[in-house]
Amino acid sequence: MLYPPSMSEITNTTHDPFYFILTGIPGFEAFHLWISIPFFCLYIISIMGNTTILTVIRTEPSLHQPMYFFLSMLALTDLGLTLTTLPTVMQLLWFNIQEISFEACFAQFFFLHGFSFMESSVLLAMSFDRYVAICRPLHYASILTNGVIGRIGLAIICRCVLAVLPSLFLLKRLPFCHSHLLSHSYCLHQDMIHLVCADIRINSWYGFALVLLIIVLDPLLIILSYALILKSILNTATWTERLRALNNCVSHMLAVLVLYVPMVGVSMTHRFAKHASPLVHVFMANIYLLAPPVMNPIIYSAKTKQIRQGITRLLLQRKAH
């Protein structure tokens with residue numbers, strides 16, 4: 001339930017109390033138009049890169065394999081993450097529109113965290129794919145059938161929706177009777193929870209459970225899969241085979257680092273560096289949300305020969321037409 005603002009709040013701000021107020025780059029408000037240029041470029045790179053990956057996988061019959069189906073899931077997730085934050089970030093930088101309604105903010109909260117958790121889940125599924133491909137190569141096609149991949153995709157969606165919905169409802173029931181000023185240009189749970197003027201112990205415990213379930217469990221399972229992969233590689237006959245097997249995992253390992261390093265960084269700064277400069281929080285949050293969608297297409301295009309060849313053929317076809 002949302003309580004009406006006090007008289008002091010009414011006199012201190014002209015903003016509608018049923019709106020959150022987004023923040024751009026603290027201290028650099030006068031330069032928002034210039035700052036928008038690199039942000040816009042990063043969004044364009046993300047949209048074009050992930051769209052290209054999806055198009056190449058869809059149009060190349062040779063890429064209709066489990067590894068590339070999982071890569072298309074990752075590209076879709078990155079597109080969703082990009083399109084979730086793009087409207088509020090760019091309208092703030094371009095037009096200085098800071099207000100976002102409660103309903104829109106909670107919708108952005110749901111999709112932002114949902115796609116972020118989905119990225120983690122897809123990377124976990126991709127590590128399982130690499131484990132089966134390297135440790136059980138003769139059974140790869142029989143284990144990862146199209147039906148199994150479809151069920152894994154459905155399980156990922158259900159997992160992320162069921163993870164985010166409780167935290168959304170737990171937060172939405174609480175009163176926001178203090179300042180409605182957020183410290184980012186999008187709606188993050190870690191940011192919104194600080195504006196609540198009620199007991200948030202249930203929210204904190206649920207958030208802690210989510211951290212264990214996703215930020216801790218997923219990387220541990222990925223590390224376990226790579227430990228098994230490494231054990232299998234070391235038992236192979238030649239160094240050539242070992243290097244070939246490791247090379248098949250490089251792109252995925254880089255994608256894992258690009259996601260989890262900023263994710264852990266954001267969690268640590270919100271939990272242990274509350275009094276740090278606002279620029280630190282803004283910088284970490286933007287890296288967390290922009291690095292994976294921008295870097296993943298670059299990583300997979302640079303490190304995966306089949307994707308590079310598919311992109312080259314796609315460009316030649318476009319040029320011929």
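This chat goes through the pocket and the cavities of a predicted model.

Me: How much space lies in the largest pocket?

Reply: In this predicted model, the largest pocket holds about 590 Å³ of space, and its lining is made up of 25 residues.

Me: Which of those lie nearest its centre?

Reply: Nearest the centre of the largest pocket are His 189, Gln 190, Gly 207, Val 211 and Arg 271.

Me: And which elements give two or more residues to that lining?

Reply: Those elements are helix H4 (102–135), helix H7 (189–192), helix H8 (201–234) and helix H9 (239–272), with H8 giving the largest share, eight residues.

Me: How do the lining residues divide into nonpolar, polar and charged?

Reply: The lining of the largest pocket has twelve nonpolar, eleven polar and two charged residues.

Me: Switching to cavities, how many of 30 Å³ or more does the structure hold?

Reply: There are five cavities of 30 Å³ or more, and the largest cavity has about 60 Å³ of space.

Me: What lines the largest cavity?

Reply: Its lining includes Thr 23, Phe 39, His 184, Tyr 186 and Asn 286, while helix H3 (66–95) and helix H10 (278–303) are the elements that each give two or more residues to it; the lining divides into six nonpolar and six polar residues, with no charged ones.

Me: Which residues line the second largest cavity?

Reply: The second largest cavity, with about 60 Å³ of space, is lined by Met 67, Met 126, Asp 129, Arg 130, Asn 248, His 252 and Tyr 300, and the largest share, three residues, comes from H4; by type, this lining has three nonpolar, two polar and two charged residues.

Technical notes: Residues are numbered from 1 along each chain as its sequence is written. This is a predicted model: local features need pLDDT of at least 70, side-chain atom pairs count only at pLDDT 80 or more; totals for chains, interfaces and linings use all residues. Side-chain values use heavy atoms; hydrogens and water are left out. On a 1 Å grid over the protein atoms alone, a cavity is a set of points where a 1.4 Å probe fits but cannot get out, and a pocket is an open set with protein on both sides within 12 Å along at least five of seven lines; lining residues have an atom within 4 Å of a point. Grid points are joined across faces, edges and corners, and a volume is the space filled by probe spheres set on the points. Helices (H or I, at least four residues) and strands (E, at least two) are DSSP runs, numbered from the N terminus. Ala, Val, Leu, Ile, Met, Phe, Trp, Tyr, Cys and Pro count as nonpolar, Asp, Glu, Lys and Arg as charged, and the others, Gly among them, as polar.
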